[in-house]
Amino acid sequence: MFASLSKAFFHALSRSGTLKTVASRYGMRRPTSFARRFIAGETVAEAIEAARALEARGMNHTLDLLGESVTSLEGADAATRAYLATVDAIVAAGIERNISLKLTQLGLDVDRATCTENLQRILAAADRHEFFVRIDMESSAYTESTLSIFETVWRLGSRRVGVVLQSCLYRTDADVERMNAIGARVRLVKGAYREPKSAAFQRKADVDAAYLEQAKRLLAEGTYPAIATHDETIIAEVKQFAAAQAIGPDRYEFQMLYGIRRDLQSSLVAEGYRVRVYVPFGREWFPYFMRRLGERPANVGFVLRALLSEK
Ligand SMILES: Cc1cc2nc3c(=O)[nH]c(=O)nc-3n(C[C@H](O)[C@H](O)[C@H](O)COP(=O)(O)OP(=O)(O)OC[C@H]3O[C@@H](n4cnc5c(N)ncnc54)[C@H](O)[C@@H]3O)c2cc1C
């Protein structure tokens with residue numbers, strides 16, 4: 001209950017133009033500014049630097065050029081070109097080749113066919129340079145269109161691509177089966193968006209229980225699932241289940257967000273598990289940042305302290 005209220009509150013705040021202006025002014029301007037805890041930087045060079053630091057700690061990464069809810073074809077084309085430039089920058093840097101993107105960034109709200117074409121432009125570059133591309137999942141208004149665009153590119157032969165499913169949604173048991181049936185790679189998350197009762201569990205305990213069951217289905221019947229959570233209890237149960245089923249740590253990976261539970265990220269690596277860190281970067285960081293605050297209101301104290309220390 002508290003979790004969904006908190007998400008609703010921060011969702012409302014994320015629409016405030018004034019707050020966005022203030023945050024954009026102070027959030028990233030110094031290495032110690034508050035948004036840098038969760039966002040690697042505003043440029044691809046900063047994201048690459050963060051990725052190198054993760055590699056040095058034995059971790060994998062996926063780079064996400066922040067942006068969503070693009071409202072024009074020109075905007076969608078610009079975002080696609082920015083992604084293609086990101087692919088080139090990653091190749092030139094010689095770091096691991098893995099990116100995440102959102103379909104509303106590529107024009108899903110404007111024209112679905114163009115969005116699919118933009119995705120195909122990125123997947124063609126991904127194929128050429130042996131990248132893996134993860135399509136993030138946005139709110140439940142986009143679940144079906146995201147999965148069906150994913151299935152379209154999959155049918156056309158793309159294999160260096162995967163999707164995300166959210167355990168908060170009632171439909172996800174069926175979607176896990178649907179993705180397992182075609183052998184798609186799934187990242188399982190709890191879900192970061194404020195969702196209505198008609199679509200999603202409102203109690204955290206229900207979301208957590210669904211997560212664990214779906215993680216087990218993906219481990220037992222899926223293809224190299226990504227268990228994306230910072231929930232220590234769930235992580236412990238996943239490790240136990242995989243070991244009991246003789247599913248080795250090379251058949252799945254844990255994923256966490258940049259700046260969150262770095263201690264847990266390191267301890268999993270030390271135990272021999274694969275850990276991939278989601279590294280967001282770019283100028284459009286405000287909505288992503290507000291979702292992170294909404295997940296854990298204690299983060300607000302951290303932001304306020306950082307703001308007060310800004311000169
Ligand atoms: C790699 C990755 C990719 C993701 N991609 C998507 C996506 O495509 N679509 C989508 O809807 N969601 C995505 N998410 C977000 C996800 O849905 C959750 O909102 C987020 O992971 C928090 O849930 P949790 O599983 O960590 O569990 P929770 O029960 O929320 O948290 C467990 C513990 O993790 C820590 N924690 C969690 N969040 C924070 C935070 N913001 N700040 C500090 N500590 C925190 C706390 O210690 C908390 O007790 C992604 C998450 C990860 C890790």
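Predicted model: local features only at pLDDT ≥ 70, side-chain atom pairs only at ≥ 80, totals over all residues.
Visitor: How should I read the phi angle of Arg261?

Guide: The general idea is that most residues other than glycine have a negative phi. Arg261 is not a glycine, and yet its phi is positive, at about 50°.

Visitor: Which side chain does the side chain of Arg261 join in a polar contact?

Guide: The partner is Asp263, and the polar contact between the two side chains is 3.0 Å. Asp263 itself is found in helix α10, and with a relative accessible area of 48% it is partly exposed.

Visitor: Where is Ser69, and what is its phi?

Guide: Ser69 has its place in the loop between β1, residues 60-65, and α4, residues 73-93. Although Ser69 is not a glycine, it has a positive phi of about 50°. Its relative accessibility is 42%, so Ser69 counts as partly exposed.

Visitor: Is Ile95 buried or exposed?

Guide: Here we apply the cut-off for buried, which means under 20% relative accessible area. Ile95 has a relative accessible area of 4%, and therefore it is buried. You will find Ile95 in the loop between α4 and β2, the strand of residues 98-101.

Visitor: How far apart are Leu108 and Ala184 in sequence and in space?

Guide: A pair of residues can be described by two separations, one along the chain and one in space. Leu108 and Ala184 are 76 residues apart in sequence, and their C-alpha atoms are 21 Å apart in space. For Gly183 and Arg262 the separation in sequence is 79 residues, with 31 Å from C-alpha to C-alpha. Gly183 is found in the loop between α7, residues 172-182, and β5, and at 24% relative accessible area it is partly exposed.

Visitor: Now to the ligand: how many residues surround it, and which are the closest?

Guide: One first lists the residues around the molecule and then asks what kind they are. The ligand is surrounded by 25 residues, of which the closest are Lys190, Lys204, Thr229, His230 and Glu295. Sorted by class, the shell holds ten nonpolar, six polar and nine charged residues.

Visitor: Which helices and strands each supply at least two residues of that shell?

Guide: They are β4 (161-166), β5 (185-189), β7 (253-257) and α11 (286-295). The strand β7 gives the most, with three residues.

Visitor: Which atoms of the protein lie 2.7 Å from an oxygen atom of the ligand?

Guide: For Gly191, a polar backbone atom is 2.7 Å from an oxygen atom of the ligand. For His230, an N or O atom in the side chain is 2.7 Å from an oxygen atom of the ligand. A nitrogen atom of the ligand, in turn, lies 3.1 Å from a polar side-chain atom of Arg187.

Visitor: How much of the ligand does the protein bury, and where does the ligand sit?

Guide: Taken alone, the ligand exposes 920 Å², and the protein buries 87% of that. The ligand sits in the largest pocket.

Technical notes. Residues numbered from 1 in each chain as written. Heavy atoms only, no water. Near = heavy atom within 4 Å. Polar contact = N/O pair within 3.5 Å; in protein donor to acceptor, adjacent residues only side chain to side chain. Areas by Shrake-Rupley, 256 points an atom, 1.4 Å probe, with all protein chains shown as cover. 1 Å grid on protein atoms, 1.4 Å probe; cavity = no way out; pocket = protein on both sides within 12 Å on 5 of 7 lines; lining within 4 Å. Sits in = over half its atoms within 2 Å of the grid points. Helix = DSSP H or I, 4+ residues; strand = E, 2+ residues; numbered from the N terminus. Nonpolar A, V, L, I, M, F, W, Y, C, P; charged D, E, K, R; others polar. Buried < 20%, exposed > 50% of the residue type's maximum accessible area, 1.4 Å probe, protein only.
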